[in-house]
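Subject: Structure handover

Hello,

Here is the structure we talked about. Please open it next to this message and follow along.

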Amino acid sequence: MSVILITGTATGIGHLTAKQLAHDGHTVWASMRDPQGRNAAHAATLTDYATANGLDLHVVDLDVSSQESANQAVAAVVETSGGLDVVVQNAGHLYVGYVEAFTDEDIAHLLDVNAIGAHRVNRAALPYLRTQRSGTLLYVGSTIIVTTPPFLGPYVASKAAFDALAVVTSYEAAQFGIETSIVMPGAITQGTSHFPNASRASDAEVTAAYARLDPLVARNEEATASLVRPGVRADPQGVADEISRVLALPRGQKPFRTVVDFTKAGVDHVMAFADLTREAFVNRMGFGETLQLHN
């Protein structure tokens with residue numbers, strides 16, 4: 001069994017994944033911002049669940065917007081559990097609105113949380129994983145980098161950056177025996193706080209200039225939910241189950257990328273071709289060894 005650190009576990013996919021992996025028998029560290037304050041109720045839910053079910057599940061404070069916080073969280077996990085085997089990069093936030101109305105500070109902040117945040121956690125964890133020459137970086141990405149729906153511009157950009165960083169980091173991490181898997185959920189509107197907790201653009205004047213599009217934005221969540229076929233439950237537990245399945249696979253047999261899409265948008269086919277093209281390009285450069293896992 002593994003020692004696993006998961007980011008963004010207060011609600012949704014991260015919360016369910018923490019429970020699932022703990023039930024699988026792993027030692028799980030569920031991280032979130034301020035578990036003693038703003039997220040105290042979410043932290044208590046996990047700790048009470050762990051106690052009731054006899055699980056090796058713990059909560060740790062980790063703010064992905066702070067390198068110091070990431071370093072401290074990883075150090076606490078290693079010190080308490082004696083090591084670290086898996087990092088599940090799940091933390092993220094949603095912006096809804098008109099691209100022009102988001103200030104540069106708005107977009108920089110979202111990129112900082114959704115993309116650079118994962119990089120900070122990697123910088124905290126990779127020294128341990130490199131030293132032991134083993135481990136797994138599992139990223140919870142998004143099909144949105146292919147489907148690119150309207151009114152979610154900064155979020156699309158941040159998830160694209162997140163995915164690109166995961167890919168280019170994988171080349172280097174693989175040379176130290178560290179595996180990479182990217183799990184790409186499709187649109188999920190049930191069982192998460194993604195849409196209800198979404199942030200809006202700061203520039204109210206520009207937002208007002210787009211007022212005639214407001215009815216479209218107002219039904220964004222409904223439109224997204226309508227993509228799921230009747231009778232199909234777009235439940236985040238499906239993503240937690242897929243993460244569980246991937247991590248249970250033997251070393252060297254984990255998929256580089258897998259898609260969990262209840263809307264059946266065809267992103268799995270697009271990404272399969274994209275990854276083949278990327279691998280062929282890297283091989284043509286003479287860097288094929290970076291695509292292989294080494295001890």
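The second largest cavity is lined by Thr-7, Val-64, Gln-89, Ala-91, Val-113, Asn-114, Gly-117, Ala-118 and Phe-162. A cavity here is a set of points on a 1 Å grid over the protein atoms alone where a 1.4 Å probe fits but cannot get out, and a lining residue has an atom within 4 Å of a point. This cavity holds about 40 Å³ of space. Volume is the space filled by probe spheres set on the points, with grid points joined across faces, edges and corners. The top contributor to its lining is α4, with 4 residues. Helices (H or I, at least four residues) and strands (E, at least two) are DSSP runs, numbered from the N terminus. By class, the lining has 5 nonpolar, 4 polar and no charged residues. Nonpolar covers Ala, Val, Leu, Ile, Met, Phe, Trp, Tyr, Cys and Pro; charged covers Asp, Glu, Lys and Arg; the others, Gly among them, are polar.

A word on the source. This is a predicted model, where local features need pLDDT of at least 70 and side-chain atom pairs count only at pLDDT 80 or more, while totals for chains, interfaces and linings use all residues. Residues are numbered from 1 along each chain as its sequence is written, and side-chain values use heavy atoms, with hydrogens and water left out.

Now the other cavity. The structure has 2 cavities of 30 Å³ or more.

How do α4 and α6 pack? Their angle is about 20°, and their axes are 8 Å apart. Axes are lines fitted to C-alpha atoms, for helices over the stretch in contact, and angles run from 0 to 180 degrees between N-to-C directions. The two helices are therefore roughly parallel. That label is for angles under 35 degrees; over 145 is roughly antiparallel, 65 to 115 roughly perpendicular, and the rest oblique. The crossing of α4 and α6 is right-handed. Right-handed means that the near helix is turned clockwise from the far one by less than a right angle, and left-handed anticlockwise. On the α4 side, the contact includes Asn-114, Ala-115, Ala-118, His-119 and Asn-122; on the α6 side, it includes Phe-162, Leu-165 and Thr-169. Contact means heavy atoms within 4.5 Å. The class count for this contact is 13 nonpolar, 5 polar and no charged.

α4 also packs against α3 (residues 67-81), at an angle of about 35° with axes 8 Å apart. This crossing is right-handed. From α3 come Gln-67, Ala-70, Asn-71, Val-74, Ala-75 and Val-78; from α4 come Arg-120, Val-121, Arg-123, Ala-124, Ala-125 and Tyr-128. That contact has 8 nonpolar, 2 polar and 2 charged residues.

Next, α1 (residues 12-23) and α10 (residues 237-248). Their axes come within 8 Å and cross at roughly 45°. That makes α1 oblique to α10. The crossing of α1 and α10 is right-handed. In α1, Ile-13, Leu-16, Thr-17, Gln-20 and Leu-21 meet residues of α10, including Val-239, Asp-241 and Leu-247. The contact counts 7 nonpolar, 4 polar and 1 charged residues.

Last, a pocket: an open set of points with protein on both sides within 12 Å along at least five of seven lines. The second largest pocket has a volume of about 330 Å³. It is lined by 15 residues, with Thr-180, Phe-256, Leu-291, Gln-292 and Leu-293 nearest its centre. Its lining divides into 6 nonpolar, 5 polar and 4 charged.

Best wishes
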